Each structure stands twice: as C-alpha cells, then as structure tokens.
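Morning, everyone. I have one structure to walk you through today.

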Amino acid sequence: MTTSTFSPQRLGTLLVALALLLAPLTLGGQEYVLRVLTVGATYAIAVYGMNLILGLTGQLSLAHGGFFGIGVYIVGLLTTDYDWAFWPSLLVAVVVTALGGFVSGVVALRTREEYFAIFTMAMGFIIFLVISRWESVTHAHSGVSGVKFPEGFGLLDFSEPIVMYYLVLLFLLGAAYVTHAVRRSGIGRTLVAIRTSEDLARSIGINVGLNKQLAFAASTTFAGLAGGLFAAVQGFVGPSAASIDLTFEMLMFILVGGLGTVLGPVVGTFIVLFLFEFFQDFEAYRFLVLGPIIVALVIFAPRGIVGYLNAFVGKLRSRGTGAGTGSGGPPEHRSSDTATDVKETL
Amino acid sequence: MTLLEVRGLGKHFSGLHAVDDVDLDISAGRITAIIGPNGAGKSTLFNLLAGFYRPTSGTVRFKDRDITGMSPHRTVAHGIARTFQTTNLFEDATVLDNVLSGRVVRSHSTVFDAVLRTPRHRREERLNLDKAMAALEFTGISEYRGEIASSVPQEVQKRVSIALALATEPELLLLDEPAAGLTEEETGGFAQLIRDIVADGVTVGLVEHRMSMVMSLADHILVLDHGKEIAAGTPETVRTDPQVIEAYLGADHQEQEGAG
Amino acid sequence: MTLFIQQLFDGLALGGVYCLAAIGLTLIFGVLRIPNLAHGTLYMLGAYVTYFFLVTVGVPYVAAIGLAAVVLAVIGVLLERVVFHPLRNAPHTHHMIAAVGAMFFFQAVAQAIWGADFRRMDSPISGSVTILGAQISWQRIVIVVTAVIVLGLLTWFIKRSIHGQTIEAIEQDRTGSSLVGISPSRVSMLTFGLAAALATVAAGLVAPINLLAPTMGDALSLKVFAIIILGGLGSLPGAIVGGFTLALAEVMTSTYVSAAAGEGIAFAVIVLVLAIRPTGLFARAVQR
Amino acid sequence: MAPMRIRPGATVTAAVCAGVLLATSACGGGGGSGSDTIVIGYSGPLSGGAAAYGKNIQDGLQLAIDELNNQGVTVDGEQYRVELRSLDDQYAPDAAATNAQRLAEQDDAAVVFIPHAGGIQAAQELNSSRTEFLLGAYSSDPKIVEQGNELTMMIPPSFESYAEPFVDKLTRNGESRLGLLGTASEYGQEWTKLVTQEWKSRGGQVLSDNSIDYGTVSDFAGPVSRTLAENPDVIFLGGPSQPTAVIIEEARRQGYEGSFLLMDQAKFEEMEEFTDPKNLNDAIGVKPVRNYDDPGTEDLLDAYAEKVTKKRPVTSEVALNYQSAAIVVAAMEQAGSIDDPTAIREAIPDAIGEVGEQFHVSGFPTEITDAGHLRNQDLEAAYRTPDGEYEYLPIEQPDE
C-alpha cells in the first residue's frame, strides 16, 4: 500500500475542512450566504449517500430524493404534529430510511443497470406522490411549518444559524470520513469490485447481492439523515423536498464533483449551488446557460472536478517518480479518458 | 484423497444438454485437466463447480460437503477459486489492488471496524497486504504492482488473474485456459507456475486446449464431447483412447494445433 | 355503460398519443441504450413548432404537423450529434444528466420564444359524434386513426426499408452490425430524428384537446418510460401494446378508483412489473 | 478506480474548494444598490409549470414601480428611485426562503413579495427571527396570517370568504348535486374541502371527487365525463384560467348545462380568451378587473397593454400586486424609513388612505387587519348569467 503518513490527500482534506470551518467567519453576518452553505452542506451529506451507491457500487438510484424526503417528513411531522424532540425524531428518520432502503433493496436490486435506474425513479416518484397527496398525514401541499431546532440542552442554541451550520458541517465531515474509511478498506474494494464486474466479483467470493443491498441501505440512510437536518434548517418543508428534481440536482452535484471520490460530493455540491445562485440574476433565462453548462461538464469532464484533478496530478507524479499511481474516476468512460489524456499532455 | 467429487452432473439450457451426466474426481495435490473440442461443455462444467450455474441434475461434493448449487461467494469461501477464459480483471485498478480484492472473502472486519480503525481492522489490512504481496511474488509480477491492470502486458494480466485467485487462499484452483493466446515460451513459464502452485499445496483443475501443455502437466484427464464424458484417465490412456482420437485429436487435430 | 364507452374511447385516444411518444423512446433506449429523459421536451417542442406553423405562419393543420416533424427531426439529429454522440461510450448516468441539461435548455428556449403562459391551438377538426350514447370528438377519432396509420407505416419502414432494417440490425447486435458495415453513427442520428418526429406527431395531435406550455412534456416523460418497460425495451409491438394498456389502465383507474390512483398507476406499473420480472415484460433474452 | 490509492489531486482540489467558498462569500458583498434606491424584492416562479402566474405578479409589481418612479418617491425628505429585484424559485418553498433572505440581505430589500403559500410559510420562519423583511404575501390561504407573523401583509381576499356567497348564489333554484373537478394543487384541495363543507352544510349532495392535476393531465375529457356521469347540478372547478377554460368547454361539449362554481385562481377575463365566452355562462367567480370602475383601472389596462402585452388581459394577480406595491411604498413614505420593516408595517394603516387614486384599480384595500390582511369592505364576486351578462354580488368577509 502506498499511503504514507503525510500525503497530499491529507493536506487537501485538511484544507477543505478548514475552508468549510472558517467560511462563516469571513461572512460578517451575511446570513444568506450562511444559509446557502448550510443548505448546501445538508445536500452534500445526501450526495455522499449517492456516492456510496453510485460512485462506489455503480448503481444509479433515482429514489434518492424520495428517501431524502422521507427523512425531511419524519423529522418535520414528528417534531410538529407529535411534538417529539428533534434528536429522537432524527434517529427515527435514520432508522426508517436505513430499513426502508434495505427492504426495498431486496426488490429493487433484482433489476440491473438502466432498469434499476428506472425502477428507483418510479419508487422516488411514488414516495413523492404519497407525500404530496396523503393529506391527513403529511398535509400534502400545505407543508409542515414550525419544525423544531435541535435541542442544545442549554449548551448550544441551534436556532442560531451559525451553530446550526456547524452542526450540519459536523455531520458532513462525518459523511466524508466514512466515505474515506470505506474506500480505503476491504468494503470499498468489495463495492468497487461489484461496480467493475459483478461476475468477477462473484468469482472472488464476494456476495454481490448482499453487498449491493447494504450499500443501498447505507445510501438511503445518508439521505434520511440529510433530510432530517434539512427539515430543521428550513423550519418549513413542502413536498418539493421529496421531488425527483432534487434527485437530479444531487446527481448533478456528484457528477460535477467526481464520482467515487472522497471530496467530490462536497466540492460538486458547493460549486453547482454557487452556479445556481450566481445565475439567479438571469431569472427564467438562467437555464439557457445552465443547461448547456451541465451538458458540457458531462461531456468534457465526465470524471468530475475532483476526479479530473486527481488524474492530472497523478499523471504529474507518475512522470516524476516513474511508478504509476494511476488515477480516479469512473472506469467506464474509456473514450473520453483518452481525450483527457491528450489534453493533459498539452 | 478426493477433494472434489462430481456425480451425474448435468446442465440443460432450453433443451441443449451443455453438460450431461458427468462424473469426476479431483484428487488433492494433483492436476486434473478437462479437455474436449470447442463447445464440449468444459467451461460450463467449471461454472457448475464454482456455483455460477445451478446444475439441473447431479451433485458436487467438496471436502465431503455437498456444495451443489451453492452460490459462488460461498464456494470461494469454502476454498474453490477460478479464473476466466478471457482474462477478467478490475481493469482500472492497480495490479496490487486487484489482488487485494481477492482478500475480501477472507476478511472479517466490518464497515464499523473500517470507520473506527479498530486494531482488528488494521491487523487485517496488514495481513491482507502481506498475503497479496506474497501472491504477487509467487506469480512473479511484484514489480508491476503499482501499474494499472489494463496497461500491463497480456501475460502479466494472466498472471494477475491467477494471483487474484490465489489471494482468496483456495484449496482448489480452477484455471480456464490459462495459456490461451500466449507464445510458446510464455506457455512454458505458465506450466512452471502451475507446477509451483501444486507444489505449494493447491490442487489444480485445468481446462486447456494446448495438448502439449495438458499432456505434460496433468495427472488425470477427463475428455468431454457434447457435454458427455468420452474418456478419463492418465495422459497415457487418454492419448491412446480411440474415441478421443476420433472425436478430438483426429478430427480437430490440425485445426487445434494451428489455432493454438 | 355510456361512461364506460366514453372512457374507452378517451383511453384509446390517449393510448395513441402514448404509443407515438413511446415508440421514439423505445427506439432510442433499445437501439442506443440511452434513457433519454429529454424525450418529453422534444414532444413539447414539437407541439410549439406545430403551433408556430399552424397559427403564426398559417399553413394547414396536417402540413403544420408534417413541417414540425421535419424541424424536430433536425433538432433530434442535432441533439444526438451535440450531446449523445460525444457520450456514446459513457455510462447511462452521464446520459441521464446530459438529458436533464438538454431538458432545462429546451424548456428555457420554449419559454423565451413563446412565453410561460398557456397557448391554445385549435384544429380544423371540430364537432363530435355520438357512439352508443357517448360523445366522442372527431379530434380523438383522428388521433386514434392517425396513430394506427403512423404505426403501420413505421412497422413497414422498419421491416422493409434498408434504413429501418439497419435500425433493427443494430438493435439486435451492435458489434455484429458494425462488422458488416452498418454505421452505428448514422443509425443513431436516424433513430433520434425519427423519435423526435414521432413525438411531434403525437404532440400535434394532442395539442388541440389540451394546452401548450413549456412544461407539457414533463408528465409524459415518466409515463413513456413506464410504457417501454411494460412493453420491453426496444420492442415496437411492445410499445404499442404498452401504450394502449397504460392509457386504458390510467383512464379506468381514475374512473373507477380515484383520480390520484390514476396518476400514480404508471409508476405502480413500473415497480410491479420490474419487481416480478426485473427485465420487463416481453423482454428479449438479455445480452450480456 | 482503485479504492486504496492515494489521491494527490486533493491539494489542487482543496485550493479550488477554498476558492469557491471565497467566491461564494465574496458574492455576498456584491449586490445592493445605490443609497438613493428603494429595492422591492420578489421571489416567485419565473420558470417551470407556474411561470405564467409568477410573471403576472412580477408585471403587476413592475408596472406599479414604473408609475411610482414617474411620480417621484420621497421618503424623509429624500428622493428615491424604486427598483424591483426578482428571483426565480420555481414554486419551491426552500428556494423562496433562500431568495427572500438574499433579497433582504444583499439587495437591502425591506419588502419581499412571494406569491405562494409554501414559500410564504418558509419565509415566515426567517423574517421574524433572523433576517427582517416585510413579507408581501400573495396567497388567499388565510393560514398565512393565522400564525401571528408580525411582518406579513396578506394581499388577496381570503378564499374562505368566497365559498358561502358562491354556494348561496348557485343553490337558489334548489340545485343539490355538486360535482368536484378542481385542480389537485395545495390550493385546489383547500378550496375543494371548503366548498364541500359549505355545500353539505346546506344539505346538498357532494358527488365523487374528480380532482386532477391540471398541469399534467393530457386529456381532460375523461375526468369531465366521469363528473358528468353523476349528473351534477353545479360543478366546482378551477385552477389556472387556461386549462379551466378547456375543461369548461369540454363539459359543455359533452352536453353539460348546469352552473360552474369557479375557484378564485381562474379568471373570467382570461378564460374568455381561451374558449367561446358562451361556454362560461351560468358561472360564478371573481370579478374581472376590467369591470371595475375604480379611478386607476383604465390607466392600468392601458399601461399593461402598452408595456407588457396586448394579447392577455389584466387579471387580479396583476392588479392586486400593482395596488400593494403602491401601498408598501406609501407606507415607507409614511414611516419615513426605507429599511425598517416593522416601521413600514406599522405605517400601512395610515398609508392606505394616502395612496394616489391612480393606484386604485380593483377594489383597493380599505383597511389592514391586525393580523396583516389587506381588505376591501366592498369586495364583490361576479356571476355570469345564462345570457352572458355579469352581475355582481357583495362578499362578506369574516372577522379575523
């Protein structure tokens, strides 16, 4: 193994963490930016979940927004209609989305590739329909208002946006660390083996079905956790928090950041959200620009920003040391890998 | 001692008898080869043994345990490893990472161990690395460990797939045409590698086209044609069996040698 | 009984529209393995371009649909060239996101040109006929008849003409057909052009009984996926059977169960079918 | 990708990340406007399914602001220009809240208009405790002023005030069977509930609920024939005007001769453009803006035709927001402050009387309740008779 005690990876992670930790201090009371950061951080947690199932295991789940919505609504409804405290509600959200993911995975993972994507898309849509139509429980389109802040037990006041930000950030760092730990361990090798070739994975003794199911459950758990936090950040939630559009937004975040990488989800989420906010000035016309940007990113930077940079620096290093350390990025994208190779030599 | 015992094994694909009523004993510490013309059902037989296909009839016993129809991840855990006819690797990973993947089946640490970096996890990761390096050295490719699997020469790739299979610590290693597409010289190297594997205590099952290699390596040969056993025995008996000459060596001899 | 007849005809008309839209998608998905989420926006653009020719330029209804189909075929080819061709070796994840990007773009274009407000497109076919006590508008009859004719022509095209056979060949065996000299690239363009044109015909037919809006294709997108899953990817007869089945199921569920159930039926169908048969009903042997 | 390889690109990544974060924070510093500008914020659906609705409100606000600038705005002795800053939220509550906060902080908007109940409620979570701004709430859902938010100004009449007079009017001849064919939106569902209650309280029979999502249904004939199969005397329906008009036309085509009870989202003047107006006979709904003879009505109609479009009529969405933008600015003048939301809110009762006549276009508010609801005591509904004439009937508004 090539991990050394001091690696650029550690330095990089440290810098990202520092940037996120210090960002609010540079804002000088700009709560709007803090809000964008906080909301972005909750999304990023969910995107880490998507990274587990899509980036590492190679299964495109489009039910992700739906599970996020389940988390949102469990915390939203329990803390309002049932007057529960936040923390137990969040726990319920995590447990329900974990079990829900595991159980629905039994059926969902019988399908493969595009079928899995479409199956989960339908699942996500059904979740959305239930949330937006089951009036007696979810209040349908009226939404849920007055979601509680987390209890600080006299130590912390989570109604302060900055405190809430650090709470979400803590979970986000946790999600990133779990991704890092998983990737580095045998579990990560298992998942990547499944992504690369299910047959080969089977032949070296990997229980493909069970591992896919566990990865799916882990991904929905992240989504549920993120949803629960999102509900508290927003205070008011409506059915759009479970919509299929949200799934596609998250997919965009992770593709821009870099599939399967440790920093991709957080980098992608913040960059795309930043673009969204930036292009707000164009109002209805912003999608005239954003649409082509998305297409261009997918075509020209299919490994995402982090994946691309990794490959680039990896190449420089291997040229320096002679020993190839290789690169990250999704393995399937042969032709444009060659294209990036060409670009990198320039 | 019989390591693997196959009785009356059959597999039908919509009316086609790919494997039909095959008996086979693989003895521990020996090399058992399965030969036959194209489409004789050799690879199907391997797939049945390793659990990739569920047999439609018959039994497979491994170390006196019934493993008929057991799924691959369990047969591997029990100690059967296999390689594929077309070299099958995690192409975008390094050679070392490929071989490390083979350690998954022998690992016990959970995701929590990984996240918490428990001593067990660290111990196991160290052990896995040692075993993987050992497998690389054993197959003679440790200098390629840092390279991307798809970028190393074909012979090395074939050795990687064997190292990967060895990393799962098998008792029985099923090699599906390990030398296909190699030069005469390289084939010699592979024959030696297979002998080393057996010397190291691993039993080998071999599907191979190249008669010279089979005849020099195998202790026991099973000849299949159209899914059925037509002969079995030592290389000497098989070589002289008229049915074998008829079905295989005779009709196809030239083509086989030419293609090889 | 009258209600049933009424719903039956409505269901058939809806089925005709679904079929025309679904066939394009099933060709794209079946031939090129691209789950084209932007298909609904092609349908939407088709409606607007038809509207442009009919109302703004003032050509007759049928000619307007025809001209729009040609325009959309060109847009379809461009979409293939600019977006999907560069991604031809990428995994379906990338296709889906690229399709979403294209969807955003097309919707913004439609809104920029025609505005966000609803438009109404009148067809020259008006009035209705009474069948067994049910009032059936001529437009719906035209939809069903046109759908049948177009589907017939298409089947003929695929079976008889060289281009069509090419599509079928590629669909069945991608590597094999590239060996015998069929250019996958040309077939991709052809498929996209054809799919966009078919979606336009569907949109041109349905627009007079509904309204035009930049988001009119959104709901359709998901439903046609349900149809092609039901019918089996890449299967023409499957898309036709699936289209009519789903339309009738939708209409009948909302009539006899509830409107909300009718809306969800498409998704319930996807989940159920795939839960039982992970590769869809009527799926061919999966090549892998 | 190998799971266990070190990733040297992370350094560069980190740099990019940090850059992005800095850029994000930097964009916080931008925006805003010169000190002689009053920014009115607006977050509404400018793209997506509800874009036409969002655009109408934007137009109303913009026309008012143009007119205000024409006349000149003076607050505390200083001359100001008024400017509208719009952001798109695609009808999503969380986006609306984010937008509202951005408008309040970056553009120093003391007033932010939001035209949907979800967004309004999400913004209410903010404007009381965190970022202060007065919320111009364009939603006829009374819930938005029931939660005691002190910085909310509810613009349209509560839809609850319509149900009783509407049902009254349409049950005069003993009609007893009500068909339900509303839109399946948040608002449509609330309306359906309300009308159902009202109808039942008079002993009428409410038939099965055929609510459909007006935006996604491809063919309205099915739901219409289902509704007609039960022989209703009155059909409740309504959503955006255009699909509503198509549904009405379909019902008439299938031979329906009864009355229509229209929810307030559907506007007669818009529906007339979409279907033969004869189809709309025997229906009750909100009064068309052009039928008001308030002092400013004509001018607004002209300005709209000139600056926005001649193809569409002015609806109450345009008119009511036109009025309320003027009220808000008048309140700033009264309060002598352009940036204190509380002072502006407190000045509204006085400001209402001070707004120039040209801003009186469609039942200009005569009061604002303590809860923050702008109301006109002489609110009227319109009944389109079987002969196609409009009759107006007074609407009594419940106490709040």
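How far apart do the end C-alpha atoms of residues 214-238 of chain A lie, and how much of the span is helix? The ends are 30 Å apart. The span is 84% helix, with 8% strand. Keep in mind that this is a predicted model.

Take residues 85-108 of chain A. That span is 96% helix and 0% strand. Its end C-alpha atoms sit 33 Å apart.

Now the core. The largest nonpolar core holds 431 residues. Three of them touch the most other members: Ile45(A), Ile270(C) and Val112(D). Helix H2 of chain A, residues 31-56, gives the most to this core, with 18 residues.

Let's stay with Ile45(A). What does it contact, once we set aside its neighbours within four places in sequence? The list is Phe171(A), Leu172(A), Ala175(A), Phe222(A), Leu225(A), Ala226(A) and Leu229(A).

Last stop: where chain A meets chain C. Here 40 residues of chain A contact 39 residues of chain C. On the chain A side, four helices each supply at least two residues: H5 (113-133), H11 (244-257), H13 (286-300) and H15 (334-345). H5(A) has the largest share, 12 residues. What kinds of residues make up that side of chain A? There are 28 nonpolar, five polar and seven charged.

How values were computed
Residues numbered from 1 in each chain as written. Chains lettered and ligands numbered in written order. Predicted model: local features only at pLDDT ≥ 70, side-chain atom pairs only at ≥ 80, totals over all residues. Core = buried A, V, L, I, M, F, W, Y, C linked by C-beta atoms within 7 Å. Buried ≥ 20, exposed ≤ 12 C-beta atoms within 10 Å, placed from the backbone. Contact = placed C-beta atoms within 7 Å. Nonpolar A, V, L, I, M, F, W, Y, C, P; charged D, E, K, R; others polar.
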